[in-house]
Amino acid sequence: MIFLKEKAVSMCFIMIIAIVAFSYFVSEVNAEDENTNGDANKVCCEITKGGETCQYTTQDQCNPGYRVSASSCEASSFCKLGCCYDKNDGACYKNTPQPTCASKDGLFSADPLCQVPECQKNCCVIGDQCFMSTQLECKNAVSNFPYLSMDFRDATSELECVGYCQGQDHGCCSLGLGECSWTTRDDCESRQALTSQGIQFNFNTYCSDSSLGCDCTKQYKTQCVGEDVYYFDSCGNMEGIADDCDYAKGTLCKQIDNNTASCSSLDCTSTYTDEKNVHDARLGGFRMNGESWCIYEGPTGNWTDAVGSRHYRHLCINGEEVYEECKDYREEICLQGKASADRGSYAAAACIENWNTSITTVPEGFKFWDTEDETVAETCSEANIEAHYFYYKKNTFADWHEINQETLQQKFADNVLLYCKSKGDCGPAYNVELVKGGLDSFDLKSAYQDNWDPSGPPKWMVRSADGNLEYSGVPEYLWNYWATYGVHGGLSVMMDVLGSISDAVLSEMNTIGTINQFGAYGGIAATLISIYILVFATATVTVGAVTFTGGTISILALAAAKGALGSVVAGSGWLGVIPIWGWIVLAIILIITWLVTSGSEQHEHIFTSICAPWTAPKENKCEECTGPFKVCSEYKCRSLGADCKLVNEGTGNETCVVAHPNDVNAPMIKPWLEVLNKEYQIQDGAQSGYNILPLVDPFKPITFGIETSEPAQCKVDTNADIQYPKKFEEMPASYFEDVMFRLNHTMTISVMEPNTEYSYAIKCSDYQGNDNPIYYVIKYKTKEGPDLTAPVIENVSLKDGAFIPFNVTYSPLTVTLNEPGTCRVDTIDTDYELMQYGGLSANSYSNFGFNALIILPNISKGANQYYIRCQDRYGNTNQQSYPISVIGTDELKITFVEPTMGKEIYSTNAELKLGTFGGAEGGKAICSFAEKGRGMIEMMETSSSVHRQLLQGLKLGEYNYNFECTDIAGNVASNATKFRITVDTSAPLLLGIFRDTELRIELSEITTCQYSNMTWSGI
């Protein structure tokens, strides 16, 4: 049996090897056939119909007016390779076909290696850059830097050339007349070549050395260089290291002032605080590196949180205090605890989900100003209550009694108000600047205001001028309590608990599971409990004065006696024989019975509360929305006043402005002198604008600006008719700096025409749409001078080496220039005129420059190299290409998914697992999962080629999960699985045993069997 098994395995192995080998052989043959058939119809075209030279392609692509060869282009006579010298830029192109050289008006030489005098290269030095080039190439390259002279040096090798700029000796360069600088030998020698003064290089010698005669004081100041402290002399030359800071030991260089730096502790010696934070005595003082703590914008907890407020987490990182904001609308709260380290105890805080406001007693906020959102009003109305007060007496002789007399006390009204506030931004409350709002958002009424007992109305009601009773309003002691800074209620209890738990629990405090531990401690505030007891407790009252809570009065016996007595009297027929005293006794009995059974009275009073969304105060403090360690959001801005509105939302420059509907004042404009280049001044500066003097250099950028009296958008028009100003909305969509509402606005112009006057007509509009009726005009004139400078490619829209999605063969690319121009691109580094692929002109100016659009063509799998050159309006063309490469990617695939489709799992835990392959980084991707019908969630272990997610505590049943993976290129792969959680309580059934050449056992389900040659007696 064993032999047969081994033989079968061996035969299977041989068969597999044979199949693989045969497949490989067939594929090689097919590939060879394909290549043979494909090349059979190709020729070498001298010029193609598309203008390309020396292309090996099908004959129908050749230009009929030029030569054709049935051989490869390398073997043809007319595509002979040689050296092409470009007379314009001095570039030499090795192994260039002769037709290609002729098309670019180059000089062709039969030497394909370009060993001709025109192509001899030496070292071109531009600033701190050294590269080998021809003399004409160096001249053209230096022409891009109008303030540099040509520096073309002899160099026998590229290594020698690079050595001019790297690894040079340092020392003090004595310039004469006491002027010295610490620099390189080459720099000092280049200065000597430019002047007749006696310049001397002093190797490895500081300029503060007294023997040099330099007017430089030794170790005049200290400054940070990297993480260490260095000395600098009085001339600004760096000297030796002053202090070696050690980050591992807790020190890092910190600049104290302009002249002093030191190795400072990574701890924060002082930190931010304000009067609103009294919960931690250490606020404002020392904090250890890595310590974190909570900052609040006012009282928090026990429903005291101001509308618009949020929680913050502050941290000390490398000696600097930084902060992070918890989620807005108090969806997150900041909890602060204590932990211990080798250096002692420290604070540790985190922003956690405000998952149960009844425990935290921190109400979540909402868009209280959104009157169209029905859920806003509904949320507050959940706190509307109805309470009953009863005033009764049992009979004429009984005293008056009360039920729910608590409703008459001030505490009842305070608790109902607190219940309203617990729903969120409902009822009266302060905003973050302690201005009262929502004064009309709460009311407490009585259904029977005139039927009071003699003791008077409830304590929380007063009579108005017209004699009606009404809610007296929020008592002053409550307003004072809501303005008391600190942490209150459930949040305070949670912090106390957190301060006493172990470091291990503290490290997990961000998880909901850990916060659940605080529930037992936080509880619901006692005041809230009293509200529920008061509002929802019921009193048993039977109308008719038969039964009252607090005592039962039974008059049934008296009624029965009264009825029996009447029957006797009426049916006797002996009225005349009753003695007089009998009538007297009977009369007394009837009178007593009437007195006891009559005179009962009951009054019911129903109290109802109205809880409505908070309303912002009329007093506007919009400007207080921003400040140190603060974030301005729409929620906070809206709370600061009824006319406050947020502008520039989502830009990082959010501003809260007054948007009063009756605002008719346009923003006032004046010069912003601080941003103007130092070499210029302004003339006039009146209400209508200013002029910039003297003449402006057309080849240097200039920056100028304006200030507005309120946050405003500003537009600029360079072709405006000053006599007939347009309205702001009619002006071109060209903004002064950007579209945001700002107080300060700047504009930088990079390149101007020589000998030209420039005029910028400006209008600014505030949030209400008020704009200044006349233009504010800024003018200047440029100096004379020709434009000989090629355009500068400032940047491109793709980074070098960017990944391109699978199957994308063309990609748009934005090229930003410093002046108007047109760009071209090619897959070979050639001159501008010979580049095959053109683009759109960059004539429109943006804040970053002039943008030209080109298309990167024929993107294939793997690295794709492209070269870009541009030309300005005056014909100045880049002599060097801007290189950029992109990487075409494979398709991203999901190779496997576990659990497999339809699998049954006999456990309440399951692990989702999938593998990815291909894409931009060999399968590396970010994968997310979602149960059917729900949103995607990033998997716990991802950003690799294998991704895992543990599912715990699953219930019995069927589960459907979808998967989506995305790599850095944007390739997306998706898959799904379906499995069932079940419990197997039955053993497999034996269906049959068969034997022919071997023993076969048939079972009811897949299982594992074992056997033994020993006997057993049974089960």
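This is a predicted model: local features need pLDDT of at least 70, side-chain atom pairs count only at pLDDT 80 or more; totals for chains, interfaces and linings use all residues.
Let me begin at a hairpin, where three residues carry the chain from β60 to β61. These two strands, β60 at residues 990–995 and β61 at residues 999–1003, pair in the antiparallel sense over five bridges, and along them glycine 992 stands opposite glutamate 1002 in β61.

Residues are numbered from 1 along each chain as its sequence is written, and side-chain values use heavy atoms, with hydrogens and water left out.

Now to another sheet, an open one of three strands in the order β11-β10-β12, with antiparallel pairing. β11, at residues 179–184, and β12 stand at the edges with a single partner strand each, so one side of each has no neighbour in the sheet. On average, and with direction ignored, neighbouring strands here are turned by 30° against each other, where axes are lines fitted to C-alpha atoms, for helices over the stretch in contact, and angles run from 0 to 180 degrees between N-to-C directions. As a reminder, strands of a sheet pair through backbone hydrogen bonds, either parallel or antiparallel. Within this sheet, β10 and β12 are joined in the antiparallel sense over four bridges, and glycine 171 stands opposite phenylalanine 203 in β12.

How many disulfides does a search of the whole structure find? The search finds 22, a disulfide being a pair of cysteine sulfur atoms within 2.5 Å, and I will walk through some of them.

Because cysteine 173 lies in strand β10 (residues 170–176) and cysteine 188 in helix α5 (residues 185–194), the pair ties together parts that are 15 residues apart in sequence. Cysteine 173 and cysteine 188 are both buried, which here means under 20% relative accessible area, against over 50% for exposed and in between for partly exposed, with a 1.4 Å probe and protein chains only.

Another disulfide joins cysteine 216 to cysteine 235 at 2.0 Å from S to S, and the torsion about its S-S bond is about -100°, so this disulfide is left-handed. The pair links distant parts of the chain, 19 residues apart, with cysteine 216 in the loop between β12 (200–203) and β13 (221–225) and cysteine 235 in the loop between β14 (228–232) and β15 (238–243). Cysteine 216 counts as buried at 8% relative accessibility, whereas cysteine 235, with a relative accessible area of 33%, is partly exposed.

In a further disulfide, the sulfur atoms of cysteine 224 and cysteine 253 are 2.0 Å apart, and with -90° about the S-S bond the link is left-handed. Cysteine 224 sits in strand β13 and cysteine 253 in strand β16 (residues 251–255), 29 residues apart, and the pair thus links distant parts of the chain. Cysteine 224 counts as partly exposed at 29% relative accessibility, and cysteine 253 as buried at 11%.

Next, helix α8. Are its residues mostly covered or open? The helix is mostly covered, since 11 of its 12 residues are buried, among them Phe412, Asp414, Tyr419 and Lys421. At 1.5 Å a residue, the 12 residues of α8 (residues 410–421) should span 16 Å, and the end C-alpha atoms are 17 Å apart, which agrees; the expected span is 1.5 Å times one less than the number of residues.

Finally, the backbone. A cis peptide bond, with omega about -5°, joins leucine 693 and proline 694, and proline 694 lies in the loop between β38 (689–693) and β39 (702–717). Another cis peptide bond joins glutamate 898 and proline 899, with omega about 0°, and proline 899 is placed in the loop between β52 (892–898) and β53 (903–905).

Leucine 434, a residue other than glycine, has a positive phi near 55°, and at 31% relative accessibility it counts as partly exposed. Asparagine 807, also not a glycine, has a positive phi of about 70°, and at 65% relative accessibility it counts as exposed.

Definitions and conventions. Two strands pair if DSSP finds at least two bridges between them.
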